[in-house]
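The answers set values against cut-offs.

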Amino acid sequence: MPQTKLNTTSRFDTAELNFEDFKKIVINDYRIGFESRQAALLGRREVLTGKAKFGIFGDGKEVAQLAMAKAFKPGDWRAGYYRDQTFMFATGMSTLKEFFAQLYAHPDIDKDPASAGRQMNCHYATRYVDADGNWINQAETMNCSADISTTGGHMPRLLGLAYASKLYRENPELHQQTQFSKKGNEVAFGSIGNGSTSEGLFWESFNAAGVLQVPMAISVWDDAYAISVPAKLQTTKEDISEILKGFQREDGTNGYEIFKVRGWDYVALCETYSRAIEVCRTEQVPVLIHVTEMTQPQGHSTSGSHERYKSKERLAWEAEHDCLLQMRKWMISSAIATEQEIDKLEAEAKQTVRNSQKEAWNELAAEIKAELDEAANLIDDLARQSAEHEELQQITAELRSCLDPGRRDVIAAVRKALRLVARENLNVKQELISWLNYQKEVNDERYNSKLFTGTPHSPLNVPEVPAHYTPDNKMVDGREVLNACFDANFSRDKSIVAFGEDVGNIGDVNQGFAGLQNKYGDLRITDTGIREATIIGQGMGLAMRGLKPIAEIQYLDYLIYAMTVLSDDIASLSYRTRGGQKAPVIVRTRGHRLEGIWHSGSPMGTILNSMRGLHLCVPRDMTQAAGMYNTLLRGDEPAIVVESLNGYRLKEKLPANPGEFTVPLGKAEILREGADITVISYGSTLRIVQEAAAELEKLGVDIEIIDPQTLYPFDKDGICIKSLQKTSKLLIIDEDVPGGASAYILQKILEAQGGYYLMDSQPRTLCAKEHRPPYGSDGDYFSKPSLDDVIETAYQMMNETNPDKFPPIY
């Protein structure tokens, strides 16, 4: 294989160590690396035997991760991908037993603290939220943000974690926040496979970090393949650091320090990481460590073998340049350990790994066995009284003979048994039903809980404070209400920051932040480049580190650029860590207005269907928006606020308490009482509905108008169902496509609230057309719900039930 050019020397700094101490460190490193390799080998076997569902491991990357771990300090952060098991073991952020517990999907945070069995193996996280929802002291712990499977998807979050260090360092008002930072001395460590550097999120994040000059250290694990695809089909020049040379900082420029080192050279790796992280930490600049000539001994995952796509020559080279084999040879040649000593160490390591695997498996199996025995005994009791005793006995026999049973086997058996005796009235039947109901509650907590943090700090628990008005309060543009709200909050809480395209200097394109950068400085209200994904990632990382970011996306349509970060990362964070992590970022955006195909969208169904785990606020005016911001800034859960783009210059009365009044999430509001039809809409279309009500009243139709205010959560108090008890008719008006948010609202009202049983006619939806709205006023009229559409649809509904009183219009 061709040799890789190194930007390091072969010197290993042992100035502060005597040789015996140095030997102990190296031998311990090798032990950790060898245990990690054995865990990967054993983990693969456990998948192939069926005990685990899928396996993806970090074998071949051990030595580089040992070196990286040496530079990782308390307060630092990791945002990596699913090959970093050795690093996690070396830093103490995970253990072998936890590794196997996650492999077996043990749904217990004490056994798998990273995800409680919710993520596949090698997806790591540390818990920085306690059982009461409080932050732990991040400055004193080693911190790992929760992994995701989307390769490259973690990079925007990495940017935010590093950017937090910059703010904590450069903003003196944050120096007292010692729970989260030691004046910004923390480095954010990231890792990524060489193939994933082809992802757009990598490039966007890489460029943004170079612009922002943040302490972000990216390690590229380069084993020359991305699954089966070689580097020549992935990367120009087959070398990511070669093509990133233009990012190398020079005198008078920003940029990166770029390092390159072989993945099997222990000495060079330790020195390189020491130098690179020292530069990153002290000079607050991003660094790239390109680790080449790595191997992947078991291939990409348990789904296939790398022998299918690697040549014999490549496989032979990988066997020779296996990083642990090379480290072993170096240890012997350097008199650090004899071959016999290493053999003994390896034998002990194998046994340690095997013991950890057995303990993890036995603990889970014992729990399931106890539940299986309880269920089988109850079914046996049922069989003794039932006419279906033979089939019931067959159920328990099959259950007891299960090889490596899971909870699904137990619960499925109980449900089948209860179906068999559905027509029998037996005393023991109720015992089995009670047992099943209890297990449903337990399993709901195990597998379905914590979509949101649900702590006392949730925005759902923020007290409602009404907007206060005095005779002196004047009518102002809606944007001025928002401006007053933001001004008051920035003055109140020094941890609040805002950033986005055009947010800083000009105060955003609609002037919500006008003048505030001059008042609070460009560290707190900041312009960014055009980079939606990393704006959201920037916000996520800041929110994870105790700051309160408002990340602005200029138009609602552009959220699609950040879909991976919003959907895969933020929305699932609380769930995939079972409440162990949170990122209460507020995403501010606007929409619902005619400006052409990419400036007038209302993709609410897209948001609702892909971003469960974020609150979705849809204020009808800027006063309601301000109240929602006041609520969210006092809570600890993420949200999207969609302001009405055509409302910034409409007049509203300025509250006397612009930074204090709150609008509760999930509380619908009746804007007009009526007896004939319940009409539900939100955002900009509400003004059209209110205008239509006057003409409908002249036509004899009395509509009740309800603004849900937030789509997630939706109408927690059941205002809609109470309205239907009066009207028995439902019309939903929505600027989204047919079946978008309107379908979601219908499900909430007809199914969740039970509105189906109150209907005396078919519920109706009035939505935009299926295409995106064209440009121009005429295009708007013919593609989105108009005043005429609202009036005539409501009238037609009355015509259907009483044609004599409401004859057809045409």
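Q: What makes strand E1 (residues 77-79) and E3 a pair, and in which sense do they pair?
A: In this predicted model, E1 and E3 are joined by 3 bridges in the parallel sense. Two strands pair if there are at least two bridges between them, so the 3 bridges qualify E1 and E3 as a pair. Trp77 stands opposite Ala188 in E3, and Ala79 stands opposite Gly190.

Q: How do you know that E3 also pairs with strand E4 (residues 216-221)?
A: E3 and E4 share 6 bridges in the parallel sense. The cut-off is at least two bridges, so E3 and E4 count as paired. Gly190 stands opposite Ile218 in E4.

Q: What makes strand E3 (residues 188-193) "mostly covered"?
A: Of the 6 residues in E3, 6 are buried, where buried means under 20% relative accessible area. Ala188, Gly190 and Ile192 point one way, Phe189, Ser191 and Gly193 the other way, and all are buried. In a regular strand the side chains alternate between the two faces of the sheet.

Q: Why is the unit of E3, helix H6 (residues 200-212) and E4 called right-handed?
A: A crossover is right-handed if, with the strands pointing away from the viewer, the path from the first strand over the helix to the second runs clockwise. E3, H6 and E4 make a β-α-β unit of that hand.

Q: What is the strand order of the open sheet of 6 strands, and which are its edge strands?
A: The order is E2-E1-E3-E4-E8-E7, with parallel pairing. Strand E2 (143-144) and strand E7 (257-262) are the edge strands, because each pairs on one side only. Helix H2 (residues 62-71) lies across E3, E4 and E8 of this sheet and runs at about 170° to E4.

Q: How do you know that E8 pairs with both E4 and E7?
A: E4 and E8 pair over 5 bridges, and E7 and E8 over 6 bridges, both in the parallel sense. With at least two bridges as the cut-off, E8 therefore pairs with each of them. Ser219 stands opposite Ile289 in E8, while Lys260 has His290 as its bridge partner. The chain crosses from E7 through H8 to E8 in a right-handed β-α-β crossover.

Q: What shows that both faces of E8 are covered?
A: Val287, Ile289 and Val291 on one side and Leu288, His290 and Thr292 on the other are all buried. That accounts for 6 of the 6 residues of E8.

Q: Why are helix H11 (residues 339-385) and helix H13 (residues 407-420) called roughly parallel?
A: Their axes cross at roughly 10° and come within 9 Å. Angles under 35 degrees count as roughly parallel, so H11 is roughly parallel to H13. Among the residues that meet are Leu364, Ile368 and Leu372 in H11 and Val410, Ala413 and Val414 in H13.

Q: How do you know that the span of helix H15 (residues 478-492) is close to the expected one?
A: H15 has 15 residues and reaches 22 Å from its first C-alpha to its last, against 21 Å expected at 1.5 Å a residue. Its buried residues include Val481, Leu482, Cys485, Phe486 and Phe490.

Q: Which strands are the edges of the open sheet of 5 strands?
A: This sheet has the order E17-E19-E18-E21-E22 and mixed pairing. Strand E17 (669-672) and strand E22 (764-766) are the edges, because each pairs on one side only. From one strand to the next, the twist averages 25°.

Q: What makes strand E18 (residues 677-680) and strand E19 (residues 703-707) a pair?
A: They share 4 bridges in the parallel sense, and at least two are needed, so E18 and E19 pair. Ile677 stands opposite Ile703 in E19.

Terms used: Residues are numbered from 1 along each chain as its sequence is written. This is a predicted model: local features need pLDDT of at least 70, side-chain atom pairs count only at pLDDT 80 or more; totals for chains, interfaces and linings use all residues. Side-chain values use heavy atoms; hydrogens and water are left out. The expected span of a helix is 1.5 Å times one less than its number of residues. Buried means under 20% relative accessible area, exposed over 50%, partly exposed in between (1.4 Å probe, protein chains only). Axes are lines fitted to C-alpha atoms, for helices over the stretch in contact, and angles run from 0 to 180 degrees between N-to-C directions. Angles under 35 degrees count as roughly parallel, over 145 as roughly antiparallel, 65 to 115 as roughly perpendicular and the rest as oblique. Contact means heavy atoms within 4.5 Å.
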